Amino acid sequence: MAVDAPPGAPSPGMVAPGQRARNVLSGETMTFEHTSGETRGERIELELELRALGAPGGAPHRHDVAEQFTITSGAVATWIAGRRPRIARRGDLVEVPPRRWHFLLALEPARAHVTIRPGMRFDELLVLWARLGSGDLRPATIRRVLPLLREHGCL
């Protein structure tokens, strides 16, 4: 399975600090440091690893939460609606405002520290999206992800 929960992790649906989620399709691996449950919905922090040509979210998308990517290694091409495309490298900060169409693509293996505000339950959506991208197409998974996509303004 693509999602690993540490011992003593909360019930299904909740994301725990230390939990990893890997999306085979998009080439991203996320390790959650601070979760929406832990911060009472204030924020989520995670370490993101991208393979070359890996893309968080997998395609141009938007959502109601803001994201900050601090690139810690590699190079990432960024496109955020209303801005000029650019290449972000180690030390660069990429800020994605809420509800703004965006797309990031790793040009080589890359890592970033990501902060998402407000956290809402966006970490649950990320974990479920990783499951879908790793082949978990069971009706139960799809039924759980659709309300979260709506809740976060993705649909």
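Okay, a definition to start: buried is under 20% relative accessible area, exposed is over 50%, and partly exposed is in between, with a 1.4 Å probe and protein chains only. By that count Arg40 is exposed, at 82% relative accessibility.

Ground rules, quickly. This is a predicted model, where local features need pLDDT of at least 70, side-chain atom pairs count only at pLDDT 80 or more, and totals for chains, interfaces and linings use all residues. Residues are numbered from 1 along each chain as its sequence is written, and side-chain values use heavy atoms, with hydrogens and water left out.

Back to Arg40. It sits in the loop between S3 and S4; helices (H or I, at least four residues) and strands (E, at least two) are DSSP runs, numbered from the N terminus. Arg40 isn't a glycine, yet has a positive phi of about 55 degrees.

Arg43 is in that loop too, between strand S3 (28-34) and strand S4 (44-50), but Arg43 counts as buried, at 17% relative accessibility. What does Arg43 contact, leaving aside its neighbours within four places in sequence? Contact meaning heavy atoms within 4.5 Å, we get His34, Thr35, Ser36, Ile116, Arg117 and Gly119. Gly119 is 76 residues away from Arg43 in sequence, but C-alpha to C-alpha they're 3.9 Å apart.

That takes us to the loop between strand S10 (110-117) and H1, where Pro118 is found. Arg117 and Pro118 are joined by a cis peptide bond, omega about -15 degrees. Met120 is in the loop between S10 and H1 as well, and Met120 has a positive phi, near 45 degrees, without being a glycine. Met120 counts as partly exposed, at 27% relative accessibility.

Now the helices. The axes of H1 (residues 122-133) and H2 (residues 139-151) come within 10 Å and cross at roughly 140 degrees. Those axes are lines fitted to C-alpha atoms, for helices over the stretch in contact, and angles run from 0 to 180 degrees between N-to-C directions. So H1 and H2 are oblique to each other: under 35 degrees would be roughly parallel, over 145 roughly antiparallel, 65 to 115 roughly perpendicular, and the rest is oblique. Among the residues that meet there are Leu125, Leu128 and Trp129 in H1, and Ile142, Val145 and Leu148 in H2.

Last one: Thr78, in strand S6 (residues 75-80). Thr78 is buried, with a relative accessible area of 6%. Beyond its neighbours within four places in sequence, Thr78 contacts Pro85, Arg86, Ala88, Val94, Phe103 and Leu104.
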